[in-house]
Amino acid sequence: MSMLSLKYVVPGDDFTRAGEASSDVKHKLKQLGYDSKAIRRVAIAMYEGEINMVIHAGGGEAFVEISPEEVEIQLVDHGPGIPDVEKAMQAGYSTAPDNVRSLGFGAGMGLPNIKKYTDELKIDTEVGKGTTLTMKVFAGH
Amino acid sequence: MDRFFHSVTLESEKCVGCTNCIKRCPTEAIRVRNGKAHIISERCIDCGECIRVCPHHAKKAQYDHLNIIEGFRYKIALPAPSLYGQFNNLDDIDIVLTGLKKMGFDDVFEVSRAAELVSDATRKCMAEGNLLRPVISSACPAVVRLIRVRFPDLCDHVLPLNAPMETAALLAKEEVSKREGIPMKEIGAFFITPCPAKVTDIRVPIGTADSAVDGAIAISEIFPKLTSAMEKLEKVEPLSKSGVIGVGWASSGGESAALLDEKYLAADGIDNVIRVLEELEDERIRELDFIELNACSGGCVGGVLCVENAYVAKARLQKLRKYLPVAQNHLENGIPGLMEWNEDLEFAPVLKLSDNLSEAMRMMSEIDAMCREFPGLDCGACGAPSCRAFAEDVVRGVAQKSSCIFVLKEQIQNMADTLSAIGGFMPAGSKPDEENRNDG
């Protein structure tokens, strides 16, 4: 067995539950004795992605594949899509509504942080259809 | 020293094998096997939650008894500031300190004095800016042990300074040795402790190879003798040299308030502590400089070896502190070497499934699959705190699947179905029941 697959549903309307999936992945990686620097990066990047799905897309699904070499996380939503990916990647650029910002989220650091903490990031998005983020964190980096 | 020494132990004959402690343990370190609780030594952090929750008083803290002081020529008491909160209508700390001397100690050195120096040293460390932010307090030994077994990436954030107890012992012995001309090894320093984690911290310290503290006596043990000694005092000696800052360390928030920097957080109670550590690990808590964490609700006044309710003790301390100077102990020069850790805090991966990652992954798949077979009630009847923990135990090979009463019930049902199927089967040579009856 060289691959472990996990699947989570991220509910769209509940901020208090956002982060449950990334937290579970973190616990599992710790229990596996995974490279601790990689665990930290996975936890941070996946949490940012989960929050994004809650804020912008009404939730979605998370698929995580763990192998000894890397952790691949795929976050799939059927939200509004990202009209301008380049802008969304800029630190501080945010389209989050005020009520979300008042909770301390939506500072425009989601995608930039995901980029910062992962080794690979692919964004497939279509306006009106949804977004799929595929990120990889390599162990031992 | 025994690496696995723990102050928290089980009194087997009192244990009825209920599920209270297994449910409450923050590191899932307790299992019920053959009707008795067992503590998994390498996981235990001596927080004392099981002592607090056990309705049968089957968990207890081991600590030293008062007669331990007889082994030393010169005996120093190191009272924790939480001790001062245990007495009704106390208006002068000196009464407690003189009472301790009356009980047989030659001298007292308040741990709150050392706490003021630790506060001073922490401010200096923070100002130098070499520490990873936010800095996590190292004062609560249960919290430091929790970080060591569960939070690998936070180990480097822990303040590398000895807790006030250790610094108090070192300073007190040095002072007495100089003043009385007595060799260090003939001087004994004894902590009057509110908690079992401190007892463990003396036997198996973190950050230093050997503790300078020679014993820890529980507040609850010393309390009756001390109160009667305090009642019989003819003269009260002026012994206390602590201020508001030092005594404030007894409750949650006291250590951080002493940093004179508002960018801090103080959390207490083991569940809250874990929540903060999880969020720190995920960098969800930003813009803070200092994190104070106490395993007990209320802080050290909530320790299981205290006699008074934590909140009553806190209220009494507030009254006592009112008339004290801000601080009476300051570092003249830099931070003396004796206050610093000389060993790093190293992560101990005791919850890991296997040393081999592929093997661990195989085990995890098996655990995930097994979890789906269990009812998910987390009833604890199997002796593990949750269905998931039980599945882990089965896959690790330390528990039997049929210890789950639901699995067992299913097995019995299957067996019953098989028996009934066999019962309904007729050998070819026999006549059916009905024909037999008609014949009659």
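1. Strands (E, at least two residues) and helices (H or I, at least four) are DSSP runs, numbered from the N terminus.

2. **Basis and confidence.** This is a predicted model: local features need pLDDT of at least 70, side-chain atom pairs count only at pLDDT 80 or more, and totals for chains, interfaces and linings use all residues. Residues are numbered from 1 along each chain as its sequence is written, while chains are lettered from A and ligands numbered from 1 in the order in which they are written. pLDDT is the predictor's confidence in each residue, from 0 to 100. Chain B has a mean pLDDT of 93, with 97% of its residues at 70 or more. The model scores ipTM 0.86 and pTM 0.91.

3. **The sheet.** Chain B has an open sheet of 4 strands in the order 6-5-8-9, with parallel pairing. Strand 6 (107-108) and strand 9 stand at the edges with a single partner strand each, so one side of each is left without a neighbour in the sheet. Two strands pair if DSSP finds at least two bridges between them. Strand 5 (residues 74-79) of chain B is joined to strand 8 by 6 bridges and to strand 6 by 2 bridges. B:Ile76 has B:Ala189 as its bridge partner in strand 8 and B:Asp107 in strand 6. Strand 8 pairs with strand 9 (residues 215-218) over 4 bridges. There, B:Ile192 is partnered by B:Ile217.

4. **The crossover.** Strand 8, helix 7 (residues 196-203) and strand 9 of chain B form a right-handed β-α-β unit. Right-handed means that, with the strands pointing away from the viewer, the path from the first strand over the helix to the second runs clockwise. Helix 7 of chain B is mostly covered, with 7 of its 8 residues buried. Among them are B:Lys198 and B:Asp201. The cover includes helix 5 (141-150), helix 6 (164-180), strand 8 and strand 9 of chain B.

5. **The core.** The largest nonpolar core has 158 residues, and A:Val42, B:Ile76 and B:Leu78 touch the most other members. Such a core is a set of buried Ala, Val, Leu, Ile, Met, Phe, Trp, Tyr and Cys residues joined through C-beta atoms within 7 Å. Helix 2 of chain A gives the most to this core, with 11 residues.

6. **The interface.** In chain A, 16 residues are in contact with 18 residues of chain B. Contact means C-beta atoms, placed from the backbone, within 7 Å. Helix 1 (20-32) and helix 2 (36-56) of chain A each give two or more residues to this side.

7. **A:Tyr34.** This residue sits in the loop between helix 1 and helix 2 of chain A. A:Tyr34 counts as buried because it has 23 C-beta neighbours inside 10 Å. Beyond four places in sequence, A:Tyr34 touches A:Leu29, A:Ile39 and A:Ala139.

How values were computed. Two residues are in contact if their C-beta atoms, placed from the backbone, lie within 7 Å. A residue is buried if 20 or more other C-beta atoms lie within 10 Å of its own, exposed if 12 or fewer, and partly exposed in between; C-beta atoms are placed from the backbone.
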